[in-house]
Amino acid sequence: MEQMSLFDSRPSNAPLASRLRPEQLSEFVGQTHLLGEGMILRQLIERDQISSMIFWGPPGVGKTTLASIIANRTKADFINFSAVTSGIKEIKDVMAQAESSRKMGIRTVMFVDEIHRFNKAQQDAFLPFVEKGSILLIGATTENPSFEINAALLSRCKVFVLKALNDEDLTRLLQNAIRSPKGFGTQPVHITQAQLRAIAQSASGDARTALNTLEMVVLNGSIRSDGSIAVSDEELSQCINRKSLLYDKNGEEHYNIISALHKSMRNSDPDAAVYWMQRMLEGGENPLYIARRLIRFASEDVGMADANALQIAVAAYQACHFNGMPECDVNLAQAVVYLSMAPKSNALYRACEAAKSDIRTREPAPVPLQICNAPTQLMKDLDYGKGYEYAHDYENKLTKMQCLPDALKDRTYYCPTTQGAEAGIKEALAEIKAYKKSML
């Protein structure tokens with residue numbers, strides 16, 4: 001197999017994804033829920049009636065491309081701004097330029113890539129200019145705008161959600177790359193539909209990843225005697241031997257997938273739970289993070305219905321610590337399946353929340369004197385510990401002594417369920433309360 005270089009004779013050696021960037025809506029692939037015939041965003045672009053907006057979606061779905069298409073259509077100055085390399089000084093300089101243009105009746109469209117990387121002060125610098133119309137702001141972000149964009153700025157922008165491309169969209173994109181003169185259209189490439197579909201499936205909805213993979217496959221293809229390029233299954237498998245999983249350990253998808261794991265276990269679905277757990281591990285998540293979430297789940301969602309659940313979860317954490325990846329995945333799987341199949345009770349969680357609510361909304365209640373410690377004579381003289389009843393001195397180890405403050409003496413926080421072992425606890429607690437009541 002001979003290493004080849006197609007780009008030596010091409011007008012540009014830019015990456016394939018850059019060379020094939022669409023310049024008009026008719027070339028854009030995907031996002032039909034926004035750009036299909038009659039859809040609002042398409043109409044706004046075609047009528048040149050855009051307002052400030054945020055494009056939110058995963059990598060490689062067309063956020064920057066869409067902004068570029070708007071730049072080609074809009075009757076306005078267009079400024080491309082990077083949140084990675086620009087500070088407040090650069091923002092103010094550009095805003096001054098935009099304000100000057102506004103006074104001359106010229107609109108300015110500013111595209112800010114990765115707008116979530118701006119801090120609060122940088123985002124605030126845009127506000128007055130967006131408010132008075134000096135600029136139309138188009139921001140692109142892979143992060144949830146609700147968390148990453150200032151509320152004041154977000155309220156002045158329309159958010160459009162871009163979705164990951166499906167395999168059909170990506171396959172069509174790859175077919176165009178093979179045919180287009182901007183891609184590989186000037187030199188015959190022998191690649192099958194099945195191979196293109198395999199590349200599409202490996203990209204996890206990311207057009208840039210799909211095109212980069214295609215470029216790698218073609219550039220490493222075998223050159224035939226007639227000058228054409230042949231792509232073999234073996235060469236293809238080397239380039240896509242592992243799917244590119246969409247999983248940002250610090251971003252929204254991180255929280256989406258851990259939520260999926262938690263809710264799958266809560267719904268007693270071990271298959272889904274194991275899938276989401278393994279999805280996180282394959283994406284590079286620290287197994288100790290997953291184990292810590294299992295420990296929380298064991299008390300929040302299983303609780304006293306199966307007190308062993310907490311021990312299983314803690315043991316899984318220790319196993320992950322001892323084994324590390326990749327061996328600890330089965331340790332986590334054991335805990336995940338156990339927790340999925342365990343009887344469920346959120347009584348402990350509800351007890352904590354009810355107690356927190358009282359603490360936060362009521363006046364701080366003093367500790368009843370009878371259960372205060374009295375290490376000094378002065379404290380004894382002030383009745384600290386007076387009336388304390390030592391449970392071990394009483395039949396059934398129970399006394400009628402009140403332990404809650406007077407203002408809360410009738411409050412109930414822990415309400416056991418009838419699930420699993422907690423059914424026995426519910427019965428025992430009812431007997432305890434009845435016995436104490438009979439002693440009054």
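I counted a salt bridge wherever a side-chain nitrogen of Lys or Arg lies within 4 Å of a carboxyl oxygen of Asp or Glu. The model is predicted, so I kept local features only at pLDDT of at least 70 and side-chain atom pairs only at pLDDT 80 or more, while totals for chains, interfaces and linings use all residues. Residues are numbered from 1 along each chain as its sequence is written, and side-chain values use heavy atoms, with hydrogens and water left out.

I looked up the total and found 15 salt bridges in the structure.

I then turned to Arg266, which forms a salt bridge with Asp301, the closest N and O atoms being 2.6 Å apart. Arg266 sits in helix α13 (residues 252-266) and Asp301 in helix α15 (residues 287-302), so this pair ties together parts that are 35 residues apart in sequence; helices here are DSSP runs of H or I with at least four residues, numbered from the N terminus. For burial I took under 20% relative accessible area as buried, over 50% as exposed and anything in between as partly exposed, with a 1.4 Å probe and protein chains only. Arg266 is partly exposed at 37%, whereas Asp301 is buried at 6%.

Next I checked Asp358 and Arg362, whose side chains meet in a salt bridge at 3.3 Å, N to O. Asp358 is buried at 7% relative accessibility, and Arg362 is partly exposed at 37%.

Last I noted the salt bridge between Glu389 and Lys400, at 3.5 Å, N to O. Both residues lie in the loop between α19 (377-381) and α20 (422-439), so the pair ties together parts that are 11 residues apart in sequence.

Definitions and conventions:
Helices (H or I, at least four residues) and strands (E, at least two) are DSSP runs, numbered from the N terminus.
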